[in-house]
Amino acid sequence: MGEIQIITANTAAALAAKLCRVQVVSAYPITPQTPVTEELAEMVESGALKAEYLTVESEHSALASVVAASQVGARVFTATSANGLLYMHEMLHWAAGSRAPIVMACVNRGVGAPWTILNDQQDTVSQRDTGWIQLYCRNSQEVLDSVIQAYRIAEQVQIPIMVCYDGFILSHTSTPVDVPSQEEVDRFLPPLEDRSGIDGQTAMNINPLILSDPRPNANGVVMPGYMEFRYRLQQDILGSLDTIKAADKEFLDIFGRNWDGSTWTYRMEDAEHAMVSMGSLASECTLAADSLREEGLKVGVVGVRVYRPFPASEIVESLSGMKTVTFFEKDVSYGYQGALAMDARAAMYDCSSRPAISSYVVGLGGRDVRPDQLAKATLECTKGATKFCWLDVRS
Amino acid sequence: MATISVKQLPKTEHILPGTRSCAGCGLMLTYRHALKALDEGKTIVAVPASCMTVLHGVYPITPVKVVCINNPFAATGAAASGIVAGLNATGKTGYTVVAFAGDGGTYDIGIQALSGALERKVDFIYVCYDNEGYMNTGTQRSSASPLGAVTSTTPILAKLQHKKDMIRIVEAHDLPYIATGSPSFPFDLFDKVKFAKNVKGSRYIEVHAPCPPGWGFPNKDLVKMGKLAIEAGIHALFEIKEGRFSLTSRSLAIAKKGRKKTVADYIKGQTRFRKISPDHLAQLQDFTDKRWNELLERHFKDNP
């Protein structure tokens, strides 16, 4: 049985890593991720967690070292935010290409310049094309549970996972969290099967130079080229949607709760208008939907938990037949729109009847977003005006 | 006991015929003798994007009988740290982790990760094979390129700065063992790698690795060019054990008998120095003399 603790999402992430019996932790401090690294350091120094802890000199090295540790067979964990995540960018591609089952807590924060330490989701959304699975959490319970699920998923599909949660809004806010027992987690997450192949005898050349076309090995067996390896990554990350859903279902059996797989819905049963968002902002959308319902508008919410792989068919299914759909997101693809709206709009070309779509960029660099603002913006969109704009930009 | 005869070297070859390194490659000869000093099967090599990547062959074929983990250019020190931590965490004992990076991957883009690993006292050997430029990408300037050398990014004026003193930077990390080597003196190199293998903590070995296409000399002259570098004092063979400095091999002999070769003797067989001005040549000779005299002084102070 679990135990209710009043903790932040950062503590939840650190506790989850410990419960997953991670063997190597490597991290570099950056606000608002720092408490994760500090708490894990304390667990390791006190002996509560039997792991190697590397206090590396940069985020690039943090990810480089966990990739290498993973390649020799260890279960690894790291955490980062904002510019730190951007500094890892080269290693993000390398980690996914290495098929290293890394789990990384990403505490969402706006990126410089100019400097901000406050929340938005530009950091992780900008990394969507690196071949990682991305999970976005609503609350600290989901953070803890998602880290545990992430190891299960990553180790099955051999693809690294970012568990993303909003800086300060979740990372530094204490809420009740049901912390499961070690026994429960051990039942859900088996020890990592050592696939390193390191046996003191076998020679290997891991991640060598590769040509574009398949090529025979020394025994004449034709081995894949670069493109075949990359195609496998694409096939496997697409296929991981099923693994993510299955893991969430099995999680329910052991822990008595789950997180709706890839997308979740709120009051969508009879909805005519939908709000779509990710992370804690999506939770906030439910408050706006409630107030719009009080005014007689049939509004529901679709929350995107898994952003990569993109749950296109679930989104299409949820949004088909809506009169209007309004996206809210804390990121933008400069020169076009919010990334979630772009991706979902493309998917909704397949909707049987296409809703009028609007999208808002909100809350960048910690700008507060209130439910009444979300409700007002949604209301405008329900009147049929299709628009792309930024909410609450002041003159 | 110092190795004095080829008969004393292990006969096993860990690099099979068919590497993709150039003919007359200084790195290739270095790697061959370094691996003879390490245990087959129990050596894990960390390699950044470099000539070493090429030497290791193109997937799915490799001529080298070790576990090699390739890593991004800037990441060697961090990757080696992760390998050591991962081996410890998973109870894999008895391995020697050896990073092999070029001067670009050590002096330039890899210096941060290297410094981090050395400061954390990671238990590994870092070998820098210094061929004085970005030879794998086409002979561009690095901070290890010498004054007066034409590179593909110093094509007209030649390099205007002296080489960075990497050993002094490494020594500032307080390591138990630092050494230099040359493929032209394989017994000395073999003995140093063998010694380093049994030292605990971070060990650093820097090898001056002549590069025929990058420096512009005939492939057959690799060993000769490596020897000339030592005899002219451009590069010196030494080791620093727990802070105690000792010249070794040919450099020790020169220390006793005096240097006979000049920088001019060393550079005349290399087309990369074709544009060196008399002023730069004099500066390079001064730089070499000053450095050599410092090493001599330190040797006789530590070995009275």
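Me: Hey, how many bridges join strand β16 of chain A to strand β17 of chain A, and are they parallel or antiparallel?
Reply: There are 6 bridges between β16 (residues 324-329) and β17 (residues 356-361) of chain A, and the two strands run parallel. Strands here are DSSP runs of E with at least two residues, helices are runs of H or I with at least four residues, and both are numbered from the N terminus. Two strands pair if DSSP finds at least two bridges between them. This is a predicted model, where local features need pLDDT of at least 70, side-chain atom pairs count only at pLDDT 80 or more, and totals for chains, interfaces and linings use all residues. Residues are numbered from 1 along each chain as its sequence is written, while chains are lettered from A and ligands numbered from 1 in the order in which they are written.

Me: What sheet has β16 and β17 of chain A in it?
Reply: An open one of 6 strands in chain A, in the order β12-β14-β13-β16-β17-β18, with mixed pairing. Its edge strands are β12 (263-266) and β18 (388-390) of chain A, each pairing on one side only.

Me: Which strands does helix α11 of chain A touch?
Reply: Helix α11 (residues 312-319) packs on the sheet and touches β12, β13 (273-278), β14 (299-304) and β16 of chain A. Touching goes by contacts: two residues are in contact if their C-beta atoms, placed from the backbone, lie within 7 Å. Helix α13 (residues 371-382) of chain A packs on the sheet too, touching β13, β14, β16 and β17 of chain A.

Me: New topic: how many residues of chain B are in contact with chain A?
Reply: 37 residues of chain B, and they meet 42 residues of chain A. On the chain B side, α3(B) gives the most, with 10 residues.

Me: Where does strand β9 of chain A come in?
Reply: β9 (residues 204-206) of chain A pairs with β2(B) in the parallel sense, over 3 bridges. There, A:I206 stands opposite B:I69 in β2(B).

Me: And chain A overall, how many helices and strands?
Reply: Chain A has 13 helices and 18 strands. Its C-alpha trace spans about 70 × 50 × 45 Å along its principal axes.

Me: What share of chain A is buried?
Reply: Buried residues make up 53% of the 395 residues in chain A. A residue is buried if 20 or more other C-beta atoms lie within 10 Å of its own, exposed if 12 or fewer, and partly exposed in between, with C-beta atoms placed from the backbone.

How values were computed:
Axes fitted to C-alpha atoms, helices over the stretch in contact; angles between N-to-C directions.
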